[in-house]
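Subject: Structure for you to look at

Hello,

Here is the model I said I would pass on. My notes follow below it.

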2 protein chains.
Amino acid sequence: MPAKGGAKIPDVAIVGGGLIGLSIAWQCAQRGLVVSVFDDPRERGASEVAAGMLAPVTEVQYGEEPLLRLNIASAKRYPSFIGELEAHTGVDVRYRRCGTLMVARDSDDNAELAEVFAFQQTLGLEVERLRSRQARELEPGLAPSIRGAILAPNDHQVDPREMLAALRMACVSARVTLTDERVTRIELDDDRVTGVETVSGIAPANKVVLAGGAASGRIEGLPPEVLPPVRPVKGQLLHLAATGMFGVGDRNIRGLEVYVVSRTNGRIIVGATVEEMGWDTTVTAGAVHELLRRAYEILPGITELRFVRSLAALRPGTPDNAPLLGDSSIEGLIMATGHYRNGVLLAPITGDRIAELVATGAAEGLEAFSPDRFVKGAVA
Amino acid sequence: MPAKGGAKIPDVAIVGGGLIGLSIAWQCAQRGLVVSVFDDPRERGASEVAAGMLAPVTEVQYGEEPLLRLNIASAKRYPSFIGELEAHTGVDVRYRRCGTLMVARDSDDNAELAEVFAFQQTLGLEVERLRSRQARELEPGLAPSIRGAILAPNDHQVDPREMLAALRMACVSARVTLTDERVTRIELDDDRVTGVETVSGIAPANKVVLAGGAASGRIEGLPPEVLPPVRPVKGQLLHLAATGMFGVGDRNIRGLEVYVVSRTNGRIIVGATVEEMGWDTTVTAGAVHELLRRAYEILPGITELRFVRSLAALRPGTPDNAPLLGDSSIEGLIMATGHYRNGVLLAPITGDRIAELVATGAAEGLEAFSPDRFVKGAVA
């Protein structure tokens with residue numbers, strides 16, 4: 001079916017204009033492809049709420065080594081990705097190589113940090129174990145009760161909202177078509193994708209990338225065995241602001257239950273809850289209370305900060321906490337979703353590898369993240 | 001000096017368009033006076049932030065019996081005042097005769113409640129002492145750990161923002177001139193008031209009522225001994241909202257350190273800090289944390305409520321916590337300020353009595369609140 005007005009059918013339609021969708025779109029356009037992105041800007045996705053901590057080392061989990069390798073590869077790609085993005089747009093996305101300090105509130109926490117540290121060492125990660133006094137020398141705002149810490153010098157931060165704005169600009173410059181409409185359905189013809197449907201009608205495309213975050217799991221048009229097993233996982237966080245009297249430290253600071261990210265513009269993010277609440281995005285008094293309590297335990301001066309607002313968004317969770325990246329069993333339909341808590345961190349490598357897959361039909365290093373891995377009878 | 005365009009010089013200019021200033025203005029206009037009110041609507045005063053608890057009985061303090069009598073007189077005036085206001089404007093100001101339940105978190109609190117209850121009884125106030133189970137039968141949302149309570153059936157609530165809106169409408173209907181400019185100076189000619197100065201120039205008036213809340217203490221133009229000893233006392237509070245799962249009880253509920261006011265529109269107010277911070281109105285993370293913690297101790301279900309926002313404003317504090325009501329030593333200059341934590345409650349009686357004073361030169365029952373009582377050598 002020819003497109004209206006004889007315009008060329010896009011090589012690829014991307015469902016979702018968050019950090020993942022836009023990174024893929026931009027990288028596809030850089031490879032000479034004709035790209036359309038669809039998203040409703042009124043729907044606030046996880047990218048707009050995320051704190052932007054880039055912390056593969058301090059977030060490492062037992063049993064998730066393939067994800068760790070992908071996270072680290074993306075963290076290494078960050079400087080060049082941001083460099084290109086800033087060169088194309090002039091936007092300062094507040095990428096800061098600040099490092100992260102993971103602290104123990106009490107001796108129980110410190111015992112847990114010792115285990116985490118041992119695991120990080122077996123993985124060959126760059127970490128340093130600090131005593132309480134060493135940690136407080138680095139970050140004088142830490143509570144005197146802190147028992148110990150791990151310094152991860154390569155866990156950094158970025159401002160996801162600025163990065164979104166920059167990616168939108170970069171996409172427009174690269175002639176990506178951005179359509180401010182949500183995709184309601186993916187159009188198939190037998191086992192082949194043919195385009196996407198929005199409120200304005202059907203937009204044909206040769207390939208489709210599903211990068212819709214939490215909403216990916218309820219997109220219409222796909223057979224049940226192809227629909228990605230992505231569920232919404234609610235996260236709430238707080239925005240505080242430095243006042244004349246007090247600023248929080250230079251590094252990302254995290255306890256076992258909370259993290260505090262200080263941006264260069266004086267904004268301080270306290271995050272984040274992890275809640276299985278379906279599609280609910282209510283900002284609750286209980287979450288505000290808990291986040292402030294936990295932050296106060298490690299950084300007591302937080303009480304002097306200005307309270308700006310609280311926010312909530314839905315992460316795209318998956319059964320094994322790893323994303324779905326690669327071809328689906330529908331010809332031309334590629335998955336790039338389920339990034340759970342790692343969406344900001346994984347945007348550069350997802351952009352690179354999925355664009356490569358769209359352009360060439362192949363991409364390296366995505367085997368462990370095959371969308372088929374959850375299908376019954378599939379070989380892991 | 002004739003006013004511009006030959007318009008009549010107002011009988012009275014009122015400095016401040018909060019609940020106090022507008023109540024006076026409306027009552028003056030009802031008595032046939034020509035009235036001007038001056039306020040900058042961009043400056044958010046205490047009236048716009050107040051929770052609107054009308055609680056003379058549960059807020060009673062030792063040594064403040066004259067203030068208690070004035071508070072009770074104003075509480076008794078409330079139904080007719082609101083009735084007239086709603087009849088004139090059609091605005092529902094959410095006046096609710098809900099009663100207030102004062103609860104003890106633990107046995108220390110309960111010992112304190114016993115003393116408060118004994119004091120309330122010596123004053124002849126209508127109060128009822130409740131056991132924990134009785135309190136929880138009335139308000140099932142109370143924490144099981146509550147040790148006891150006092151029910152004050154005549155401590156009610158109103159929505160101060162709706163009341164402000166209604167008073168503005170009532171004033172406009174009654175031909176009060178509302179000028180959206182802050183008074184920068186009170187104009188005197190020897191020992192007589194002649195008008196007020198705003199950014200637009202001097203507005204002459206035969207009498208001036210200073211009803212500027214916390215800002216009354218730094219108005220220009222007055223000799224030091226006349227300037228009211230009013231200081232800003234910061235209060236922070238939270239707006240929460242009922243969700244499908246949970247609403248807080250029907251009554252005002254207060255502990256010794258926090259109160260929770262549920263409006264009929266589902267809004268729930270948690271207040272309030274009392275802070276001596278000068279002119280600072282920063283909303284702090286520490287206050288949000290403390291208010292939520294204290295509310296949670298008596299109403300644990302509060303965690304399920306939606307967090308809407310936090311606010312701060314400045315109450316007009318005075319050396320003895322009582323307002324300054326009546327003639328000053330400057331002819332034609334009347335004080336109606338320093339209402340501290342009782343501004344919403346005292347608006348009706350302040351409106352009545354100060355309007356009477358403006359119209360007739362005399363008013364009953366204000367002796368204890370004479371503005372001169374703080375002047376050195378004055379007889380109490």
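How many residue pairs are in polar contact between domain 1 of chain A and domain 2 of chain A (both at pLDDT 80 or more)? The count is 1 residue pair, where a polar contact is a pair of N or O atoms within 3.5 Å; within protein, one must be able to donate a hydrogen and the other to accept it, and residues adjacent in sequence count only if both atoms are side-chain atoms.

Before the rest, some conventions. This is a predicted model, in which local features need pLDDT of at least 70 and side-chain atom pairs count only at pLDDT 80 or more, while totals for chains, interfaces and linings use all residues. Residues are numbered from 1 along each chain as its sequence is written, chains are lettered from A and ligands numbered from 1 in the order in which they are written, and side-chain values use heavy atoms, with hydrogens and water left out.

Domains of chain A

Domain 1 of chain A covers 4–49 + 161–229 + 320–373, and domain 2 covers 97–155 + 231–317; the bounds come from an automatic or database domain assignment. Their C-alpha centres are 31 Å apart. In contact (heavy atoms within 4.5 Å) are 15 residues of domain 1 and 14 residues of domain 2. Between them the two domains of chain A bury about 1,300 Å², with 62% of that from carbon and sulfur atoms. Buried area here is the accessible area (1.4 Å probe) that two parts lose on being put together, summed over both. On the domain 1 side, A:Val49, A:Ala214 and A:Tyr340 lose the most area to domain 2, together 46% of what that side buries. The residues of domain 1 that touch domain 2 divide into 6 nonpolar, 5 polar and 4 charged. For these classes, Ala, Val, Leu, Ile, Met, Phe, Trp, Tyr, Cys and Pro count as nonpolar, Asp, Glu, Lys and Arg as charged, and the others, Gly among them, as polar.

Chain B against chain A

Chain B and chain A each bring 19 residues to their contact. The buried area is about 1,400 Å², 75% of it on carbon and sulfur atoms. B:Ala285, B:His289 and B:Phe307 supply 39% of the area that chain B buries against chain A, more than any other three residues. Helix H7 (285–298) and strand E17 (306–317) of chain B each supply at least two residues of the side that touches chain A; helices (H or I, at least four residues) and strands (E, at least two) are DSSP runs, numbered from the N terminus. The largest share of that side, 7 residues, comes from H7(B).

Aromatic pairs

Over all chains the count comes to 7 aromatic pairs. Rings of Phe, Tyr and Trp (its six-membered ring) pair if their centres lie within 6.5 Å; planes under 30 degrees apart count as stacked, over 60 as edge-to-face and the rest as tilted. A:Phe307 and B:Phe307 have ring centres 5.2 Å apart and planes at 55°, so the pair is tilted. A:Phe307 lies in strand E17 of chain A and B:Phe307 in strand E17 of chain B, so this pair joins two chains.

Backbone and charges

A cis peptide bond joins A:Gly271 and A:Ala272, with omega about -20°. A:Ala272 is in the loop between strand E16 (267–271) and helix H7 of chain A. In chain B, a cis peptide bond joins B:Gly271 and B:Ala272, again with omega about -20°.

The structure holds 48 salt bridges over all chains. One of them is between A:Asp159 and A:Arg263 (3.4 Å, N to O), residues that are 104 apart in the chain.

Regards

Note on methods. A salt bridge is a side-chain nitrogen of Lys or Arg within 4 Å of a carboxyl oxygen of Asp or Glu.
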